[in-house]
Amino acid sequence: MKLSYYPRVLPYTVLNFYPQFIGHNMNRFLNGPGVAGHFFSTLTDNVFMNLVFGVQHSEEKKSLDWLGDEFKKGYQMEYSIYSKEEIMKQPYKMGVKLYFFKGDPDKPFVLFCPPGAFLMDANICDGLHMARELTQQGYNFFIINYSQCLFPLHGGFKSARQDVSKALEFIMNHDFPVNKEGYAISGGSAGAWMSCLAGSKTLGCKAMGDPVPAAIIALYPVAALNSPIEKGLAFLSARNGITMADLDPAKNLADDCPPVYYWRGGQDILVSEQSQIEFDEALTAKGIPHIYRQFKQGKHGCGLCTGMDGEIWLSEAVEFWEKYR
C-alpha cells in the first residue's frame, strides 16, 4: 500500500522554528516514528515553501509513493551518525540523521545536503526527488539531515558543516553496498551553499580531512554574498571561529576545488543572479571545470523543474559528474 500523501492535519509549521531536537523530533512523534515519520514531517515543513517558492506538489506525491515502494525492499534507510556521548554534549545532534537509498553496488553515491535555510527540515523538496530519479538509474543516494544551525544555542554554520563531514566518515567506514570512489556532493539552497563550500579553502573537503568528491552539484546555491538575504544568513551563521568571509564561496575558492555544476531559476527571489555570476567568474579565473546554468523559468525550490526549461539540469549534471569521476 502506497504512503498517504497527506500527513495528519496539525499545526506542525510552528514546531519547525524550535531547536532541532524539539521541533524535528516532535514532528516525528506526531507523524509516527522512523523514516516515514521523518518524511511526513518534512512535508509539513514545506507549507511555507509551497506558498512562497517553487516546490512542486506533483513531484512530492511521486516521491512519497516511491518511498513506500522502497520500504517494501526491507533494507535499512535511517542511520544515527553521532554517539550517545556526542549527543549528550550537543543535544541538537539528536536530529542529525543519514538516510540511505539503495542503487547498484558498483555505482557511486551522491551525498545530498537539503534546503531549509538552516531553520527547517526540507528533504522532500529536492533530496527525495533526486533520490527517486537517480536510484532508478542505479546510483546510490544519501541525504544528510544536518543541524538546524541558526538557533542561538546551536553551533552555527560550523555545526552543519561538521555534520556533513561526520556523514562522509560514517559512509566510508560503514559496509554500505556502494562504490565509494568518485562520489558527488550535492545540495539545494542552504545545502547547495554547503556543497559549494566543499571546494573552499577553509571549509572544503580537503581542509576538513574529508574524501574529496569527483564533482559538486548545486541547486540554486548561495554562491557569493551579495543580496541582503545572503549576507543576513552568513551573518547569523558565522560563529565558533567561522567568519562571513569564510562563508563566501566565490571569494574563498580553493585552487583545487572539484568540478562544479550549478544552476539557478530565473524567477528565484532568494539567491541573486549576481552571486551566481561572481562564482562563475571565480571558477573561470582558477581554471576549475564547471557548468553554470541560468534558466528562464523556475522559482527557488523548484527541484527537478518538471515542465520547465530547466528540466534538463539533472541529466546534464549526471553527465558532468560521470565525465570527471
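These legends describe close-up views of a predicted model.

Residues are numbered from 1 along each chain as its sequence is written. In this predicted model, local features need pLDDT of at least 70, side-chain atom pairs count only at pLDDT 80 or more, totals for chains, interfaces and linings use all residues, and side-chain values use heavy atoms, with hydrogens and water left out.

**View 1. Confidence along the protein.**
The predictor's confidence in each residue is its pLDDT, from 0 to 100. The mean for the protein is 82, and 80% of its residues reach 70 or more. Helices (H or I, at least four residues) and strands (E, at least two) are DSSP runs, numbered from the N terminus. Among these elements, β3 has the highest mean pLDDT, 96. Helix α1 (residues 20-31) has the lowest, 52. Over residues 1-19, pLDDT stays under 50. The model has 51 contacts for residues 1-19 beyond four places in sequence; contact means heavy atoms within 4.5 Å. Where pLDDT is low, the predicted coordinates should not be read in detail.

**View 2. The open sheet.**
Eight strands line up in the order β1-β2-β4-β3-β5-β6-β7-β8. The pairing is mixed; two strands pair if DSSP finds at least two bridges between them. β1 (78-80) and β8 (290-294) are the edge strands, each pairing on one side only. Neighbouring strands are turned by 15° against each other on average, direction ignored. Helix α7 (residues 156-173) packs on the sheet. Helix α7 touches β1, β2 (97-101), β3 (109-113), β4 (140-145) and β5 (184-188). The direction of α7 makes about 155° with that of β3. Axes are lines fitted to C-alpha atoms, for helices over the stretch in contact, and angles run from 0 to 180 degrees between N-to-C directions.

In β4, 6 of the 6 residues are buried, so the strand is largely enclosed by the rest of the structure. Buried means under 20% relative accessible area, exposed over 50%, and partly exposed in between (1.4 Å probe, protein chains only). N140, F142 and I144 point one way from β4, while F141, I143 and N145 point the other way. β2 and β4 run antiparallel, joined by 5 bridges. K97 has N145 of β4 as its bridge partner. β3 and β4 run parallel, with 4 bridges between them. Here L111 stands opposite F142.

**View 3. The β7 and β8 pair.**
Strand β7 (residues 260-264) runs parallel to β8, and 5 bridges join them. Y261 has I291 of β8 as its bridge partner.

**View 4. Helix α11.**
Helix α11 (residues 273-285) has 13 residues, which at 1.5 Å each should span 18 Å; its end C-alpha atoms are 18 Å apart, which agrees. The expected span is 1.5 Å times one less than the number of residues. S275, Q276, E278, F279, A282 and L283 are buried. Seen down the axis of α11, its buried residues fall within an arc of 160°, so they line one face of the helix. That arc is of the directions from the helix axis to the C-beta atoms. T284 and A285, on the other side of α11, are exposed. The cover over the buried residues includes α8 (190-196), α10 (228-237), β7 and β8. G287 follows α11, with a positive phi near 70°.

**View 5. S227 in its loop.**
S227 lies in the loop between β6 (215-219) and α10. At 14% relative accessibility, S227 counts as buried. Leaving aside residues up to four places away in sequence, S227 touches L270 and S272.
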